[in-house]
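Here's a quick tour to read with the model open on your screen.

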Amino acid sequence: MRWIYLNGELVQQEEAALSVLDRGLLYGYGLFETMRSYGGRVFRPEAHYRRLCEGAARLAMDLPLSLSDLADAVHAVLERNEMTDAYLRLTLTAGALPAGGASSAHGDATVVLFAGTLSEYPPALYRRGMAAVTSAVRRNETSPLSRVKSLNYLDNLLAREDARRRDAEEAILLNTRGFVAEGSASNVFLVREERLITPSIESGALAGITRQAVLELASSVGLEAVQSEMESSAFWDAAEAFLTNSVMEVMPLTRLDGRPIGSGRPGPATKELRRLYQEMVVRETSAVRTV
Ligand SMILES: Cc1ncc(COP(=O)(O)O)c(C=O)c1O
């Protein structure tokens, strides 16, 4: 039996009900955060919360949740489901349409949090590295949604589904100008000549929490962190490539469009950054704090 946090209460999944007039359903009007917990604690909850606040401001939504409410919700969900190491999905919608049907943002927001198991990325995938394909779906870097983790996620899902049909695990999205933006659910990094390069936020990349942590670690492996426009051909000059997100952490990217990147195997900088990231997570999540 799974327990879900819904608007301040824990309810059984079968009992958790939303209005059919919820604007998250009707318009995709809402935001989400995907977090990972380690020993019952989320890595950098304040960064997830900040991104949620910024998204809410951009979408003119009320945010009926403080950082400590988020901490309490995470704690309650993990405890009730007897989980410690989990995937956590927070969804915030603009709530149900009021009588009369105005579609304005203001109303009682809906907040849902649930936990899931971490089974999506098996160890063998880290040893082999992911294969990706360049997607025909473009990231519109001029859209206000490009930097928001909004419920409008269908471009990402369609790109990922297309990748799966083409025997790849991830899709790389270019922006409207043909530069690399990000993966369908990840940020992209290349290692080339002492530099660790990732597409700039202006390119249409989401400001990933893992992306930020990896940028902080670059100098520890002797690399200069660079955020810039990235040509789609840059993969072919790179020694290594990898992808990041909160759940999979640092994942080697070893093939693109059927061709090997670098040696076609996970590279030394990628492996070292993965190790350092895991050390950072253990250090930060075991320090005394509220989540
Ligand atoms: C489109 C997209 N880009 C990047 C990321 C990585 O973000 P984070 O490191 O905060 O999980 C995600 C996360 O799921 C994503 O969906």
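Domain bounds here come from an automatic or database domain assignment. By that assignment, domain 1 runs over 3–116 and domain 2 over 123–282. Taken over C-alpha atoms, the centres of domain 1 and domain 2 sit 26 Å apart. Keep in mind that this is a predicted model.

**Where the two domains meet**

- The contact between the domains takes in 21 residues of domain 1 and 12 residues of domain 2.
- On the domain 1 side that touches domain 2, strand S3 (30–38), helix H2 (45–58) and strand S5 (86–93) each put in at least two residues.
- S3 has the largest share of that side, at eight residues.
- Sorted by class, the domain 1 side that touches domain 2 has nine nonpolar, seven polar and five charged residues.

**Around the ligand**

- There are 14 residues around the ligand, and Leu206, Gly208, Ile209, Thr210 and Ser246 come nearest.
- Helix H6 (209–217) and strand S13 (240–245) are the elements that give two or more residues to this shell.
- H6 gives the most to the shell, with three residues.
- The shell's make-up by class is three nonpolar, nine polar and two charged residues.
- H6 also has a buried set: Ile209, Thr210, Arg211, Ala213, Val214 and Leu217.
- Those buried H6 residues pack against H2, strand S10 (187–192), strand S11 (195–199), S13, strand S14 (249–256) and helix H7 (268–286).

**Helix H3**

- Helix H3 covers residues 67–80, and at 1.5 Å a residue its 14 residues should span 20 Å; the end C-alpha atoms are 20 Å apart, so the two agree.
- Which residues of H3 are buried? They are Leu70, Ala73, Val74, Val77 and Leu78.
- Look down the axis of H3 and its buried residues fall within an arc of 120°, so they line one face of the helix.
- As background, an α-helix has 3.6 residues a turn, so residues three or four places apart point the same way.
- The cover over the buried residues of H3 includes strand S1 (3–6), S3, strand S4 (41–42), H2, S5 and strand S6 (110–116).
- Glu82 follows H3 and has a positive phi, near 50°.

- Helix H5 covers residues 154–165, and its 12 residues should span 16 Å at 1.5 Å a residue; the end C-alpha atoms are 16 Å apart, which agrees.
- In H5, the buried residues are Asn156, Ala159, Arg160 and Ala163.
- Seen down the axis of H5, these buried residues fall within an arc of 95°, so they line one face of the helix.
- Leu154, Glu161 and Arg165 are on the other side of H5, and they are exposed.
- S7 and strand S8 (170–175) are among what covers the buried residues of H5.
- Ala136 belongs to strand S7 (residues 130–139).
- Ala136 and Ala159 are 23 residues apart in sequence, yet their C-alpha atoms are 7.5 Å apart in space.
- Is Ala136 buried or exposed? Ala136 counts as exposed because it has 11 C-beta neighbours inside 10 Å, and the cut-off for exposed is 12 or fewer.
- Asp167 comes after H5, with a positive phi near 60°.

Conventions. Residues are numbered from 1 along each chain as its sequence is written. This is a predicted model: local features need pLDDT of at least 70, side-chain atom pairs count only at pLDDT 80 or more; totals for chains, interfaces and linings use all residues. Two residues are in contact if their C-beta atoms, placed from the backbone, lie within 7 Å. Helices (H or I, at least four residues) and strands (E, at least two) are DSSP runs, numbered from the N terminus. Ala, Val, Leu, Ile, Met, Phe, Trp, Tyr, Cys and Pro count as nonpolar, Asp, Glu, Lys and Arg as charged, and the others, Gly among them, as polar. A residue is near a molecule or strand if its C-beta atom, placed from the backbone, lies within 6 Å of it. The expected span of a helix is 1.5 Å times one less than its number of residues. A residue is buried if 20 or more other C-beta atoms lie within 10 Å of its own, exposed if 12 or fewer, and partly exposed in between; C-beta atoms are placed from the backbone. The arc is that of the directions from the helix axis to the C-beta atoms.
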